[in-house]
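Please read this report with the sequence and the coordinates open side by side. The text moves from the fold to single side chains.

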Amino acid sequence: MSIAPASEERGQTPRLLVVEDDPLVRSVCVRLLKLRHYQVDQADNGLQALENLEQATYDIVLTDLSMPALNGLGLLRRIKERFPDTDVIMITAFGSIDTAKQALKLGAFDYLTKPLELDDLARVVQTCLEMRE
């Protein structure tokens, strides 16, 4: 039995949430994903992301690790507790093997480091969506 993305069950384009406190990085990610024809929302911190998650169903949340109020690992934990069908891709400038292992152990789908390679971002999102099918 395969599990279709929540968006496919609704007959819509996959819905993504980009959570990034750096406006430039957030803008670039949103633009890239919209060019790939995804429905994309954005938040500038983890608490705002949780508000978004209460209002809409997302297939994937792409989140920065280092943010004020609620960091990416804290957001990942809450998403996996409250929205277990939502996949999470971590993005950080502070990449380390230990942090990557911790994020993956907590249930992140994948882990990307900044500066982002836009092709890598697009590939990871596509792979994640394919794995959900």
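Predicted model: local features only at pLDDT ≥ 70, side-chain atom pairs only at ≥ 80, totals over all residues.

Residues are numbered from 1 along each chain as its sequence is written, and side-chain values use heavy atoms, with hydrogens and water left out.

**Sheet and helices**

Five strands form an open sheet in the order β2-β1-β3-β4-β5, and their pairing is parallel. At the edges are β2 (39-43) and β5 (110-113), each of which pairs on one side only. From one strand to the next, the twist averages 20°. Helices (H or I, at least four residues) and strands (E, at least two) are DSSP runs, numbered from the N terminus. Two strands count as paired if DSSP finds at least two bridges between them.

Strand β1 (residues 15-19) runs parallel to β2 and is joined to β2 by five bridges. In this pairing, Arg15 stands opposite Gln39 of β2.

Helix α2 (residues 23-35) packs on the sheet, where α2 touches β1, β2 and β3 (60-64). The direction of α2 makes about 170° with that of β2. Helix α6 (residues 118-132) also packs on the sheet, touching β1, β3, β4 (87-92) and β5, and its direction makes about 165° with that of β4. Contact here means heavy atoms within 4.5 Å. Axes are lines fitted to C-alpha atoms, for helices over the stretch in contact, and angles run from 0 to 180 degrees between N-to-C directions.

**Salt bridges**

A salt bridge is a side-chain nitrogen of Lys or Arg within 4 Å of a carboxyl oxygen of Asp or Glu. By this rule the model has seven salt bridges.

| Pair | N to O distance |
|---|---|
| Arg132 and Asp59 | 3.5 Å |
| Asp64 and Lys114 | 3.4 Å |
| Asp87 and Arg132 | 2.8 Å |

Arg132 and Asp59 form a salt bridge. This pair links distant parts of the chain, with Arg132 in helix α6 and Asp59 in the loop between α3 (46-55) and β3, 73 residues apart. Both Arg132 and Asp59 are buried (under 20% relative accessible area, with exposed meaning over 50% and partly exposed in between; 1.4 Å probe, protein chains only).

Arg132 also meets Asp87 in a salt bridge. Asp87 lies in strand β4 and Arg132 in helix α6, 45 residues apart. Asp87 counts as buried because its relative accessibility is 16%, and Arg132 counts as buried because its value is 12%.

The pair of Asp64 and Lys114 joins strand β3 to the loop between β5 and α6, across 50 residues of sequence. Asp64 is at 3% relative accessibility and therefore counts as buried. Lys114 has a relative accessible area of 21%, so Lys114 is partly exposed. Glu20, Asp64 and Lys114 are linked in a network of salt bridges.

**Val19**

Val19 is in strand β1. Is this residue buried or exposed? Val19 is buried, because its relative accessible area is 1%. Leaving out residues up to four places away in sequence, Val19 touches several others, among them Ala43, Ala49, Val61, Asp64, Met67 and Leu75. Val19 and Leu65 are 46 residues apart in sequence, and their C-alpha atoms are 9.3 Å apart in space.
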